[in-house]
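Subject: Structure handover

Hi,

Here is the structure I promised to pass on.

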Amino acid sequence: QATGPVTLAAALRAGGVTGPDLVVRVVDELLVRIERHVSWVREESGAKRVVLVLDEPALAALGASQTTLPDSVRRSLSRLITDLDVEVGIHCCGDTDWGGLAELGFDWLSLDLSALGEGFLNGVEAVAMALARGTRMMWGIVPTTAGPLPDTNVLIGRYGTAVANLVVAGAPFEMLKAQAWFTPACGLAGLSVGAAEAVTNRLDEVVEEVESGW
């Protein structure tokens with residue numbers, strides 16, 4: 001996992017850095033740092049397959065009101081997809097222009113099922129086309145916010161609704177399930193140990209239900 005250029009640029013702006021196309025300007029340094037880290041992971045683990053997920057919570061600020069991704073965002077994300085010698089995915093814990101992201105050619109789309117809205121529905125055909133071309137899903141199916149977790153049936157219902165929308169739009173059903181990963185909706189770092197364990201236990205329950213009932 002690495003902080004994506006949109007979120008990194010937003011953090012720099014919050015810290016007082018200014019200038020045009022900041023999101024594009026950070027890519028060179030970001031590429032160097034990611035490549036160095038991926039190299040270390042390969043050396044230490046011996047792994048031949050590496051999946052890198054760009055964490056981009058700042059994309060949620062675009063929301064459904066943004067019908068297309070800004071050109072600077074497209075260029076910066078496309079360059080990372082092209083230049084990195086790994087499978088590249090993107091994660092956003094809010095609703096955004098999922099169709100625009102799907103069109104960029106990511107290997108993985110990682111989303112929070114509880115946060116999907118207009119941005120996902122408006123882009124469902126583009127996401128379905130990307131899945132038909134080989135993009136895979138990381139279903140963020142169990143919320144990681146504080147408080148009681150939703151019932152398993154509620155979580156399965158959210159998953160089923162998203163799958164149905166994508167299948168109607170032309171996505172291959174087997175790609176949505178057999179080649180997908182199921183994950184917490186976002187990171188667990190802000191939770192207590194007990195809460196994190198509850199999330200992962202509920203995730204096991206949901207995956208078992210999906211595998212047996214779908």
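One definition to start with: a residue is buried if its relative accessible area is under 20%, exposed if over 50%, and partly exposed in between (1.4 Å probe, protein chains only). This is a predicted model, so local features need pLDDT of at least 70 and side-chain atom pairs count only at pLDDT 80 or more, while totals for chains, interfaces and linings use all residues. Residues are numbered from 1 along each chain as its sequence is written, and side-chain values use heavy atoms, with hydrogens and water left out.

Let's begin with methionine 138. It sits in strand β5 (residues 136-142); helices (H or I, at least four residues) and strands (E, at least two) are DSSP runs, numbered from the N terminus. With a relative accessible area of 5%, methionine 138 counts as buried. Setting aside neighbours within four places in sequence, its contacts (heavy atoms within 4.5 Å) include Val51, Val53, Trp108 and Thr183.

Strands β2 (51-55) and β6 (181-184) each give at least two residues to the lining. By class, the lining has 7 nonpolar, 5 polar and 1 charged residues. Here Ala, Val, Leu, Ile, Met, Phe, Trp, Tyr, Cys and Pro are nonpolar, Asp, Glu, Lys and Arg are charged, and the others, Gly among them, are polar.

Now for the charged pairs. How many salt bridges does the structure hold? There are 9, each being a side-chain nitrogen of Lys or Arg within 4 Å of a carboxyl oxygen of Asp or Glu.

- Arginine 49 pairs with glutamate 87, the closest N and O atoms being 2.7 Å apart. Arginine 49 is in the loop between α3 and β2 and glutamate 87 in strand β3, so this bridge ties together parts 38 residues apart in sequence. Arginine 49 is partly exposed at 45%, whereas glutamate 87 is buried at 16%.
- Arginine 75 pairs with aspartate 21 at 3.5 Å between the closest N and O atoms. This pair also links distant parts of the chain, with arginine 75 in helix α4 (residues 71-83) and aspartate 21 in the loop between α1 (5-14) and α2 (22-25).
- Glutamate 29 pairs with arginine 33, with closest N and O atoms 2.9 Å apart. They are 4 residues apart in helix α3 (residues 27-45), so about one helical turn separates them.

Glutamate 87 has one more partner worth a look: its side chain makes a polar contact with the side chain of arginine 136 (3.3 Å). A polar contact is a pair of N or O atoms within 3.5 Å; within protein, one must be able to donate a hydrogen and the other to accept it, and residues adjacent in sequence count only if both atoms are side-chain atoms.

Cheers
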